Amino acid sequence: MAEGQFKDGIASERLQLAEIAENFADLHPPLDHHEAVVEADRCYFCYDAPCMQACPTSIDIPMFIRQIATGNPTGSAKTIFDQNILGGMCARVCPTETLCEEVCVREVAEGKPVQIGRLQRYATDTAMRAGKQFYERAKPSGKTVAIVGAGPAGLACAHRLARYGHDVTVFEAKPKSGGLNEYGIAAYKTLDDFAQAEVDYVTAIGGIATENGKALGRDFALADLTGRYDAVFLGMGLAGVNALRAEGEEADGVEDAVSFISELRQADDLSKLPVGRRVVVIGGGMTAIDAAVQSKLLGAEEVTICYRRGKEHMNASEFEQDLAAANGVTIRHWLQPRRVIAEGGKVSGIELEYTMLEDGKLTGRGETIRLAADQVFKAIGQTFDAGPLNGSGNLIALEGGRIKVDEEGRTSLPNVWAGGDCIAGGDDLTVSAVAQGRDAAESINRALMG
Amino acid sequence: MADIRSNFVGIKSPNPFWLASAPPTDKAYNVERAFKAGWGGVVWKTLGEEGPPVVNVNGPRYGAIWGADRRLLGFNNIELITDRDLWVNLREIKEVKRKWPDRAVVVSLMVPCEEEAWKAILPLVEDTGADGIELNFGCPHGMSERGMGSAVGQVPEYVEMVVRWCKQNTRMPVITKLTPNVTDVRKPARAAHAGGTDAVSLINTINSITAVDLDNFAPEPSIDGKGTHGGYCGPAVKPIAMNMVAEIARDPETAGLPISGIGGITTWRDAAEFMALGSGTVQVCTAAMTYGFKIVEEMVEGLKTWMDDKGHATLDDVVGRAVPNVTDWQYLNLNYIAKARINQDLCIKCGRCHIACEDTSHQAITSLVNGARRFEVIEEECVGCNLCVNVCPVEGCITMEPLAAGSLDKRTGEPVQSVYANWTTHPNNPAVRVAAE
């Protein structure tokens, strides 16, 4: 029987543990002191800096870099945390190439931006490693706030509310807090259980109680919260996954990329995590890249991303696409799934149809291709599941399938705010969720204390 | 190709690049490496009188300041004159000069301020076959406390006296090295000239403390928790040195006195600038101590290339050429009007020109034009101060453009005058006498 990487079907132990460990090493290793100072020296300390404008949380980037350059990384971390208490994770997962670093004037000048993300990590790591807490709770306000979801939006909201002295209770459906930071990000971007370390760092301010394993719509209803708390913040993310809408997708081996990534993040021993020998990932976003690259790193022999539009339409950044290619993932464009081919109930391949744009509309070209596959991941977007929310008697207004909020994060219901991926008009970025949670907390504080 | 051979007060060298009297010239090993690398000459590290050599500290003797990327900008030292035996030095000088006859070997000297001491050492140096001597009147630490170095250089009467002793007691050319730690460098230069010096060299190092260790509040370089002022040098002192060179070059009392320029020279361009201000040769130390002797290749080739490009055949075509253009403020043309111009194709939109002008100067650069990030000069406000040029990270992006005579200065609303007019004739000058009707 074939061993290791040659095992057909979905199998574990394709690679030795040592190889796996090497494969899942830090994508962007931390800068050491020398590297950080050299890099910090490259910053021009721009006026009204473009990088700062591009940051959804408006971190004063030139200032924090200047603080690194002047030998004050701890002060630098405070500059970051003032705007973004999850600055440590954002330093790891932000697509900086499409945010701050894209508009860095040195990108304009030399095609080589200051490595803002890595510098941010240097500063935040320095402070967090030293256990340095910068914020104290104000004296108790006597007000209580419930937060649904302990992801980036909920945590940022909770921290800011705790600073104002409000008593915060966070309800989290999953056993661990952190949201997508814990369950949804590629493992090589956040090593050493950083997500949990960050949750601990954020909640160390005090005044934040977390109840894990408590799901909205199952364990409590929104009305329970609005009745018992002075304010409610909804940050529950996206629970639904889009279907392939391809024939036979119920076959064994057709899985959600999100679940695969989550299992991978929770696995104690990655060599025990099964993966296909030939993997096809359907989608064009970050989730598709994360699933594809990690499949490859686990030992899958052939990994192909199939995306129904062109390279320029992919949600995954250029950097992420290159990362996939560098790891041996093949990215194929203009292919949409038509039919999952199964043998004995198990997937054995997928039939895809070539596509094209016709008058701006995506159309199939009739021509098809078959790719052998013993595992197919769906990574074609997540959806907001309003059932748990509105199914319990509330009628919160939605927009485009997600919660409608105003510029301060207020929903259509009194005393209920929302932020993160579950709200309409977002960009599904961790850093944006942090900004929305933080700003909603400011709005809640104004409402409670006004 | 340009001929950069140098003949400085009779001392010949294949190029004008000498190593200054300093650690790189303390012994034959280093000096021979320098000559192999292509240096035109050396000023051997200062010899003292016969007897037990001086002793140096046994901890840090250098301090520094740095710019971005830890580029060394300024450097200081608390090292003394050579701490090697006089006879060892003299023997090595003789050997090196014999092996390298085409290179300049000048010997720096510092002995007590007594004629007998100078009379004793001069024949010993002469015997080595050295090309000349340099009088160290500049060392600002240690030796000055013992009545030598800058303690002499700061008293013009002493300078003149010692120079005269030397001129009377040796046939070798005498170069007098001046300290910048004075209010007016022309005074010791005039004194050296009066004493009959063949040339002056400057600057020696500047009194300085480079840093303070904030953990134990010790000045640096720090010896067991204490520090003392050391001699400052390197790129940071170049502007100070060039001004002092120019002051001597344009002083009617010392005009024409040969000058060996010293102070932060790091590239061919630095050297050419010193030469344009009147330096016949240049002396280098910090750049060599930072990068090694190989930098002289860049200096030699760079100088030649520039001279070829500009049609300068020999050093005489360059030396002193900028001196007539050094003047007093009161003679600057007040009718010369320039405005900054920002090349939008080169602009990387860092905005530093804007914030510098907005916060600290004349509010003459936009940050937004029609709602978009764009930096343009507002000519109605621009006084042509050059701050934006200096803070811009892109060379050549912002330039100062003179307004043509007759064109409108939007700041004053007046046309640009074609005539030269300076402060001495300006109506606002209280010293201007109203001409009789």
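Predicted model: local features only at pLDDT ≥ 70, side-chain atom pairs only at ≥ 80, totals over all residues.
The contact between the two chains comes first. The size of an interface is often given as the accessible area lost when the parts come together. Here the area buried between chain B and chain A is about 970 Å², and carbon and sulfur atoms give 62% of that area. Three residues, B:Asp69, B:Ile348 and B:Arg373, supply 47% of the area that chain B buries against chain A, more than any other three residues. In terms of contacts, 15 residues of chain B meet 13 residues of chain A. On the side of chain B that touches chain A, helix 11 (residues 352–360) of chain B contributes the largest share, namely three residues. By class, this side of chain B comprises six nonpolar, four polar and five charged residues. Although charged residues are present on this side of chain B, the count of salt bridges between chain B and chain A is zero.

The largest nonpolar core has 79 residues, and B:Trp39 and B:Leu202 are the residues with the most contacts inside it. Helix 7 (residues 238–249) of chain B gives the most to this core, with seven residues. The surroundings of B:Leu202 can be followed in the structure: leaving aside neighbours within four places in sequence, its contacts include B:Met244, B:Val245 and B:Ile248. B:Leu202 is also in contact with B:Leu178 and B:Val185, as well as with B:Ile259, B:Ser260, B:Gly261 and B:Ile262. A second, separate core has 43 residues, among them A:Leu86, A:Cys90, A:Phe194 and A:Tyr201.

Side chains of opposite charge can pair when their charged atoms come close. Over all chains, the count comes to 53 salt bridges. In one of them, the side chains of A:Glu320 and A:Lys189 meet at 3.0 Å, N to O. Because A:Glu320 lies in helix 16 (residues 318–326) of chain A and A:Lys189 in the loop between helix 11 (180–183) and helix 12 (194–203) of chain A, this pair ties together parts that are 131 residues apart in sequence. Both A:Glu320 and A:Lys189 are buried.

Another salt bridge joins A:Arg338 and A:Glu351, at 3.8 Å from N to O. A:Arg338 belongs to strand 12 (residues 335–343) of chain A and A:Glu351 to strand 13 (residues 346–358) of chain A, so the pair ties together parts that are 13 residues apart in sequence. The two partners fall into separate accessibility classes: A:Arg338, at 37% relative accessibility, counts as partly exposed, whereas A:Glu351, at 10%, counts as buried.

In chain B, B:Arg186 forms a salt bridge with B:Asp184, with the closest N and O atoms 3.1 Å apart. B:Arg186 is partly exposed, with a relative accessible area of 26%, and B:Asp184 is likewise partly exposed, with 22%. Salt bridges also link residues into a network, which contains A:Asp8, A:Arg277, A:Arg278, A:Glu301 and A:Glu302.

The last stop is A:Asn445, which is found in helix 18 (residues 430–449) of chain A. With a relative accessible area of 11%, A:Asn445 is buried. Leaving aside neighbours within four places in sequence, A:Asn445 is in contact with A:Leu161, A:Tyr164, A:His166 and A:Gly450.

Technical notes:
Residues numbered from 1 in each chain as written. Chains lettered and ligands numbered in written order. Heavy atoms only, no water. Contact = heavy atoms within 4.5 Å. Buried area = accessible area lost by both parts, 1.4 Å probe. Salt bridge = Lys/Arg side-chain N within 4 Å of Asp/Glu carboxyl O. Helix = DSSP H or I, 4+ residues; strand = E, 2+ residues; numbered from the N terminus. Nonpolar A, V, L, I, M, F, W, Y, C, P; charged D, E, K, R; others polar. Core = buried A, V, L, I, M, F, W, Y, C linked by side-chain atoms within 4.5 Å. Buried < 20%, exposed > 50% of the residue type's maximum accessible area, 1.4 Å probe, protein only.
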